Amino acid sequence: MEDQGGVPFVDLRLQYEAIRDEIEKALDEVFDQSRFILGPGLDAFEQAFARYCGVRYAVGVASGTDALHLALRAAGIEAGDRVITVPNTAVPTVSAITAAGASTMFVEVDPATYTMDPDGLFETLRRAFRSRRPRIKAIIPVHLYGQCAAMDRLLDIAKEYEVPVIEDACQAHGAVYGGKRAGSLGLLGCFSFYPTKNLGAYGDGGMVVTQQKALYEKLRLLRNYGQTGRYHHVIKGVNSRLDVMQAVLLHVKLGRLDEWNAARRRHASAYGARLPKKGVILPAEDPKGTHVYHLYVVRVERRREFQAALRRRGIETYIHYPTPVYLQPAYRDLGIRRGAFPVAERCARHVLSLPMHPFLTTSQIQYVSDVISQFLSES
């Protein structure tokens, strides 16, 4: 087994080198126009991203967190309302709910895909609607690690209880479920353009997509202080605008997204063929969807030792996410104790993300697989 001299978790430098000329041309055009805020470069990217997702409208905002926050506000969520999501997500999902003034309810996750369990959602809604004032006003399934949640069943259940679904697609750019792109299945879809995402900016950025014109118009107001014209404010909004430089850079990358996602899928297949079948649980792909492998997440026992062994051989790994949100100190006020969601907690103890990006090489994947095989054989 030849030492590869280090396998980085991601490699944004290689991505940049692949599109350097296009990036420089796009930036030159922005500086020539000198329209940096809400300019034509943003309009063009919004239209392109809407087409890509298969929706009518897209609104660029400052981050994925803001995308979720403003989507909730556009959907009419307000103080005292309750929003359902999953506990094994990044904290920003819940931060957005809090920012909208709502409280968070959690639903257990599927043990194979780690996304929202439809049976858990049904039971949660059934119990809540027995009360006279359930105040559940939205459901946010998280398309975790690059794979859509089981949207057919979730949407059917949500429709039965007349609760809108807002997709957290922040890790699922280009993922497909039932022939439709992530973000196009619910009332609204929310994306992050954090640099390491499948479609990443060179800074923060986000997008909300929808089929409904009224929601689109409200989102455009919310992101820009509620203005209909200069110094005329009709609702209470915020400053959450995707700047034009980020928009044009993302527009360049959008043209490569399918190519890069296909590379991620090839790398996932290569991992699946080379990694041992015992001692490590590999990702499960829902046959109704197309996973785009924002992250390649395995489950292992003795994770700390496992991760340390890989680190010693120069292999960079991460843990997404080691603590369910309700066990974070900031969310103790939710009053949810350890053991409340055993599947989510078990996943949090054992998940580990291996290197994954479009520019991984076959030799790097083989090296990672060999190191893992050696560790497991010696354990």
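Close-up 1. M245 counts as partly exposed, because its relative accessibility is 31% (buried means under 20% relative accessible area, exposed over 50%, and partly exposed in between, with a 1.4 Å probe and protein chains only). You'll find M245 in helix α8, residues 244-254. Helices here are DSSP runs of H or I with at least four residues, strands are runs of E with at least two, and both are numbered from the N terminus. Together with F31, F36 and I37, M245 forms a nonpolar patch on the surface, with about 350 Å² of accessible area between them. Patch members have over 30% relative accessible area and no salt bridge; like charges are joined within 9 Å, and nonpolar side chains (Val, Leu, Ile, Met, Phe, Trp, Tyr) within 5 Å. Accessible areas come from the Shrake-Rupley method with a 1.4 Å probe, and for residues only the protein chains shown count as cover.

A quick note on what you're looking at: this is a predicted model, where local features need pLDDT of at least 70, side-chain atom pairs count only at pLDDT 80 or more, and totals for chains, interfaces and linings use all residues. Residues are numbered from 1 along each chain as its sequence is written, and side-chain values use heavy atoms, leaving out hydrogens and water.

**Close-up 2. A negative patch that includes D21.** D21, E24, D28, E29 and D32 make up a negative surface patch. Asp and Glu count as negative and Lys and Arg as positive, while His and the chain ends aren't counted. D21 sits in helix α1, residues 12-33, and is exposed, with a relative accessible area of 61%.

Close-up 3. Side chains of opposite charge can pair when their charged atoms come close. A salt bridge here is a side-chain nitrogen of Lys or Arg within 4 Å of a carboxyl oxygen of Asp or Glu, and the whole structure has 12 of them. In one, E22 meets R256 at 2.7 Å, N to O. E22 lies in helix α1 and R256 in the loop between α8 and α9, so this pair ties together parts that are 234 residues apart in sequence. E22 itself is partly exposed, at 34% relative accessible area.

**Close-up 4. E123 and R126 in helix α5.** The closest N and O atoms of this salt bridge are 2.5 Å apart. How far apart are E123 and R126 in helix α5? They are 3 residues apart, or about one helical turn, in a helix that covers residues 118-128. E123 is partly exposed at 29% relative accessibility, and R126 is partly exposed at 28%.

**Close-up 5. Edge-to-face aromatic pairs.** Rings of Phe, Tyr and Trp (its six-membered ring) pair if their centres lie within 6.5 Å; planes under 30 degrees apart are stacked, over 60 edge-to-face, and the rest tilted. That rule gives 19 aromatic pairs. W260 and F359 have ring centres 6.2 Å apart and planes at 65°, so they are edge-to-face. W260 is in helix α9 (residues 257-274) and F359 in the loop between β14 (351-354) and α12, 99 residues apart. W260 is buried, at 2% relative accessible area, whereas F359 is partly exposed, at 22%. F306 and F375 are also edge-to-face, because their centres are 5.4 Å apart and their planes are at 90°. F306 belongs to helix α10 (residues 303-312) and F375 to helix α12, 69 residues apart. F306 and F375 are both buried.

Key. The place of a charge is taken as NZ of Lys, CZ of Arg, CG of Asp or CD of Glu.
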